[in-house]
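Hello,

I am passing a structure on to you, with some notes to read beside it. Have a look at it first, and then go through what I found.

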Amino acid sequence: MSKRFAGYMLVTDMDGTLLNSGKMISPENKRAIERFVEQGGMFTLATGRIAGSVRRFADVLPLTAPAILYNGAMMYDFANNEVVWQRTLPEAARRALQQVMDRFPGLGVEIYCGSEPYYLRENEVTDHHRSMENFKRPATESMELLPEPWIKVLLAWNPAKLDEVEAFTEQFKEKLTWVRSDDKYLEILPENATKGHALEELMAAKGIERAKCIAMGDHLNDLEMLRRAGVGIAVANAHASLTDVCDRTCKHHDDHAVADVIEWLEREAN
């Protein structure tokens, strides 16, 4: 098979993009990714998930570059089981979080500073997240008991209440990145730690020209990545804001969106 995609890199979000509604990789997507890599392309993932949550997917995919995790705060090499790049939260995150928790006592709070999140405050949304990911760590009563450094904080609540929280956090924008990764999740990340910033680091490390970098996503945490890629592609089920910055759209995530993009690339290369 020809190496017509040598020098190209395809980076895809997971939930709502690569994965279907059942949180599975379709056979169509998997075959297309394998074909893209066989033709010389570089493939990897960009997700808000942690390494332990991504591994079962990484193990069945031909990843040829480190994956972007924690919505851009880390790059992880699954082939060598090592962190290759990371940014962590400053002390300002603790102070901002305390004020947010005082203002919204019903808010669910997950702190990411280890192999599993620490549950500082729980609600029905964090209960669902814990069950979905099979996280086992019990609740922690005080943030003072948590290890350092923190990589990210996930705030979880029903979408309407989380809208109120997001409006309140406008006062804490300095030195922190706040991003909505789902209607029911608002995340606190280090400054300049988005999927877009991590993508630029990855392109530089792998010698990929921006024009030959294709990125796919569905939600607001993908926005900076799609802006910085040479070709940003929003899936059909994407948040409306993404279509304003994207170069293309593709099929719905339940209709093998990644395969759709690779088939488009193959037609373009002929």
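**Around Glu-187**

The side chains of Glu-187 and Lys-152 are joined by a polar contact of 2.8 Å (a pair of N or O atoms within 3.5 Å; within protein, one must be able to donate a hydrogen and the other to accept it, and residues adjacent in sequence count only if both atoms are side-chain atoms). Please note that this is a predicted model, where local features need pLDDT of at least 70, side-chain atom pairs count only at pLDDT 80 or more, and totals for chains, interfaces and linings use all residues. Residues are numbered from 1 along each chain as its sequence is written, and side-chain values use heavy atoms, with hydrogens and water left out.

A second polar contact, of 2.7 Å, links the side chain of Glu-187 to that of Ser-181. Glu-187 is part of strand β10, residues 185-190 (strands are DSSP runs of E, at least two residues; helices are runs of H or I, at least four; both are numbered from the N terminus). Glu-187 is buried, at 3% relative accessible area (buried means under 20%, with a 1.4 Å probe and protein chains only).

**The open sheet**

An open sheet holds 5 strands in the order β2-β1-β11-β12-β13, with parallel pairing (two strands pair if DSSP finds at least two bridges between them). The edges are β2 (42-45) and β13 (248-249); each has a single partner strand, so one side of each lacks a neighbour in the sheet. Strands β11 (residues 213-217) and β12 (residues 231-234) are joined by 4 bridges, and Met-216 sits opposite Ile-233 in β12.

Best wishes

Conventions: Buried means under 20% relative accessible area, exposed over 50%, partly exposed in between (1.4 Å probe, protein chains only).
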